[in-house]
Amino acid sequence: MRIFWSIIIDFCVAFLGPCILIVIFVQNCAGKPCSSKEKKEANILGKVLGALIFLGSFIWAPEVYMESWGNLFDIPTLVVGENCLGIIITVLIIVLLYFYIMIFFINGRTDIFYRYGRLRTVLIGIQIANSLAMIVYLCAINGGHNTSSKCWKYLLLFDLFMSVVIIVVNAIRVAYHKDGLFFEYNTIVSQKKIFLFGENIFDVSKEDDEFVVKLNDEEIRMKYLTPCQKEGVIKFGELVRKMQNGT
């Protein structure tokens, strides 16, 4: 169990930690129905906490981060020396599953329309293939096959790189709650999310080449949407009309 938990901690520090920080920075941090003021406060607080974690991890105590990466790079040596292939493979699967749960399956009752949906699917496929390659590499090492240690480092770093790219591509989207509790429009540069709060009612319209979603004094204006994203806004408008009609 010592090996299991030490590798889990190293992955949390070196791999999942940066991924969580990137999620904080590229998405609106408010996660529940709230007023406009509360939403802005939650978003700002989330970004500030993310910045403090970033400073603590990479500037004030970079040796912890580097030590964790060093331990991850030494995993092939650990597999051979400690005969713990099964433990390491279990950790890899847990880390991969947690990543996808964190990124994709916490959205609950949310319909999402990605700007780069096909690219996102391809990237996910590439990362899963890379993760399988990592497992195959460790099995080869454990079987006594001579393979370059650089290969493991490249696979590990590429997995982190793919995770970062997937997080960014995943955040560029139009989304809404299936019960009409919120509407979200994210281009990374602009992160807007309007929550249904109190007795307010959304208004969805199209002005020239812009789609507009309004709620009291808050509004989201969207240009240059893909056909998939336009479909998402239209479906949200239909949902709003059904809610207004009580159906």
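1. Cysteines first: zero disulfides turn up in a search of the whole structure, a disulfide being a pair of cysteine sulfur atoms within 2.5 Å. The sulfur of Cys-84 has its closest cysteine sulfur in Cys-139, 12 Å away, so the two are too far apart for a bond. Cys-84 is buried at 4% relative accessible area, whereas Cys-139 is partly exposed at 36%. Here buried means under 20% relative accessible area, exposed over 50%, and partly exposed in between, with a 1.4 Å probe and protein chains only.

2. A word on the source. This is a predicted model, in which local features need pLDDT of at least 70, side-chain atom pairs count only at pLDDT 80 or more, and totals for chains, interfaces and linings use all residues. Residues are numbered from 1 along each chain as its sequence is written, and side-chain values use heavy atoms, with hydrogens and water left out.

3. Next, a helix pair. The axes of helix 1 (residues 2–26) and helix 3 (residues 62–73) come within 9 Å and cross at roughly 120 degrees. Helices (H or I, at least four residues) and strands (E, at least two) are DSSP runs, numbered from the N terminus. Axes are lines fitted to C-alpha atoms, for helices over the stretch in contact, and angles run from 0 to 180 degrees between N-to-C directions.

4. Which residues of helix 1 meet helix 3? They are Ile-7, Asp-10, Phe-11, Val-13, Ala-14 and Pro-18, and on the helix 3 side stand Val-64, Tyr-65, Ser-68, Trp-69, Asn-71 and Leu-72. Contact means heavy atoms within 4.5 Å.

5. Thr-110 belongs to strand 1 (residues 110–114) and is buried, with a relative accessible area of 14%. Leaving aside neighbours within four places in sequence, Thr-110 is in contact with Ala-175, Tyr-176, His-177, Lys-178 and Phe-182.

6. Tyr-154 lies in helix 7 (residues 149–171) and is exposed at 57% relative accessible area. Between Tyr-154 and Phe-183 there are 39 Å in space, C-alpha to C-alpha, for a separation of 29 residues in sequence.

7. Finally, the open sheet: three strands in the order 5-6-7, with antiparallel pairing. Strand 5 (203–207) and strand 7 (218–222) are the edge strands, each pairing on one side only. Strand 6 (residues 210–215) pairs with strand 7 over five bridges, and Val-212 stands opposite Arg-221 in strand 7. Two strands pair if DSSP finds at least two bridges between them.
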